[in-house]
Amino acid sequence: MTVPYGAIVLEHFRRPRNRRSLPDATVGREAYNPLCGDRVRIELALDGETIRDAGFTADACAICTASASLLTLRLAGAPVAGALRLADADVIAALGADVPAGRVECAVLPARAMREALSGLPASA
Amino acid sequence: MKVVVVDGRERYATRERFGSADEILVGMPSELVRPRLAAGAYVVLVAHEYKYELPILRDALRAPVRFVGMLSGRKRADGVRALLREDGLTEAEVARLHAPVGLDIGGREPEEIALSIAAQLIAVREGKPIAHRRAGAER
């Protein structure tokens with residue numbers, strides 16, 4: 001099985017951080033990529049305007065799983081406003097890989113779930 | 001035997017494609033399968049997608065199900081087994097995975113492969129020894 005996206009993606013796919021449900025989650029949202037079938041759920045425990053804890057569940061490809069892992073590391077302890085300002089380009093840059101155009105949606109799916117969770121938007125497909 | 005079809009992809013898990021299924025479930029596959037991993041259940045993974053296979057196998061190979069099989073060539077099956085070991089599954093747990101799934105009846109068409117898998121499930125149900133895997137699954 002080949003995961004040709006570099007060391008960071010490989011590390012976070014094989015040893016994902018925060019891959020767990022949060023029993024005390026304040027908000028959570030599942031996002032789905034109908035093109036490839038990736039599914040990821042981001043759960044966040046809020047303490048006022050701060051994200052106290054972040055976790056994810058995913059049946060997703062390596063790049064999506066790695067992106068969710070990296071995102072949750074970044075979110076824990078971050079202000080909600082800062083999380084909402086996180087751009088897709090930031091998420092892709094964190095992967096340290098040249099993400100092909102056809103896989104960009106995989107990479108940004110966790111961030112989309114996070115934004116929808118924090119914004120109270122309806123789930124998107 | 002009750003047949004439950006699970007998929008994360010809405011376009012595949014349709015009543016048109018699985019007219020005789022007792023249930024068709026679409027969502028996060030690992031979460032939909034987990035409560036059904038009961039004693040006597042047969043789990044067959046045919047998505048050919050490691051994104052679905054690995055999360056389900058982590059649970060299924062540790063559950064009291066009767067059978068766990070995966071559609072795959074031998075090389076890809078070995079890759080999945082290696083990742084399961086990395087995830088902490090024991091050799092005994094990994095050894096429960098039947099991959100490539102299906103008896104060697106010589107068929108290559110989708111319907112023939114499905115028949116070979118159904119034949120293996122019946123053989124397991126009846127306690128018959130399983131000596132052969134599908135010959136077409138060498139890659």
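**View 1. Cys61(A) is a buried cysteine.** In this predicted model, Cys61(A) counts as buried because its relative accessibility is 3%. The structure holds zero disulfides over all chains, and Cys61(A) is accordingly in no disulfide, the nearest cysteine sulfur being that of Cys106(A), 4.0 Å away. For a pair of cysteine sulfur atoms to be called a disulfide, they have to lie within 2.5 Å.

**View 2. Cys64(A) is buried, and its sulfur is too far from another cysteine sulfur for a bond.** What is the relative accessible area of Cys64(A)? The value is 0%, and therefore Cys64(A) is buried. The closest cysteine sulfur to that of Cys64(A) belongs to Cys61(A), and because the two are 5.4 Å apart, the distance is too far for a bond.

View 3. The C-alpha atoms of chain A fill a box of roughly 40 × 25 × 25 Å along the principal axes. A compact globule of 125 residues would have a radius of gyration near 14 Å, and the 13 Å of chain A agrees with this. Buried residues make up 49% of the 125 residues in chain A, and of the contacts between residues at least 6 apart in sequence, 61% join residues at least 24 apart.

**View 4. Chain B has five helices and five strands.** From the N terminus on, the order of elements in chain B is β-β-α-β-α-β-α-α-β-α. The C-alpha atoms of chain B fill a box of roughly 35 × 35 × 30 Å, taken along the principal axes, and the radius of gyration of chain B, 14 Å, agrees with the value near 14 Å that a compact globule of 139 residues would have. In chain B, buried residues account for 46% of the 139 residues, while 59% of the contacts between residues at least 6 apart in sequence join residues at least 24 apart.

**View 5. The surface and the charges of each chain.** Chain A exposes about 5,300 Å², of which carbon and sulfur atoms supply 55%, and the mean positions of its 14 positive and 14 negative charges are 4 Å apart. Chain B exposes about 7,300 Å², with 53% supplied by carbon and sulfur atoms, and the mean positions of its 23 positive and 20 negative charges are 2 Å apart.

Methods:
Residues are numbered from 1 along each chain as its sequence is written. Chains are lettered from A and ligands numbered from 1 in the order in which they are written. This is a predicted model: local features need pLDDT of at least 70, side-chain atom pairs count only at pLDDT 80 or more; totals for chains, interfaces and linings use all residues. Side-chain values use heavy atoms; hydrogens and water are left out. Helices (H or I, at least four residues) and strands (E, at least two) are DSSP runs, numbered from the N terminus. The radius of gyration is taken over C-alpha atoms; the globule rule is 2.2 Å times the number of residues to the power 0.38. Buried means under 20% relative accessible area, exposed over 50%, partly exposed in between (1.4 Å probe, protein chains only). Contact means heavy atoms within 4.5 Å. Accessible areas come from the Shrake-Rupley method with a 1.4 Å probe; for residues, only the protein chains shown count as cover. Lys and Arg count as positive and Asp and Glu as negative; His and the chain ends are not counted. The place of a charge is taken as NZ of Lys, CZ of Arg, CG of Asp or CD of Glu.
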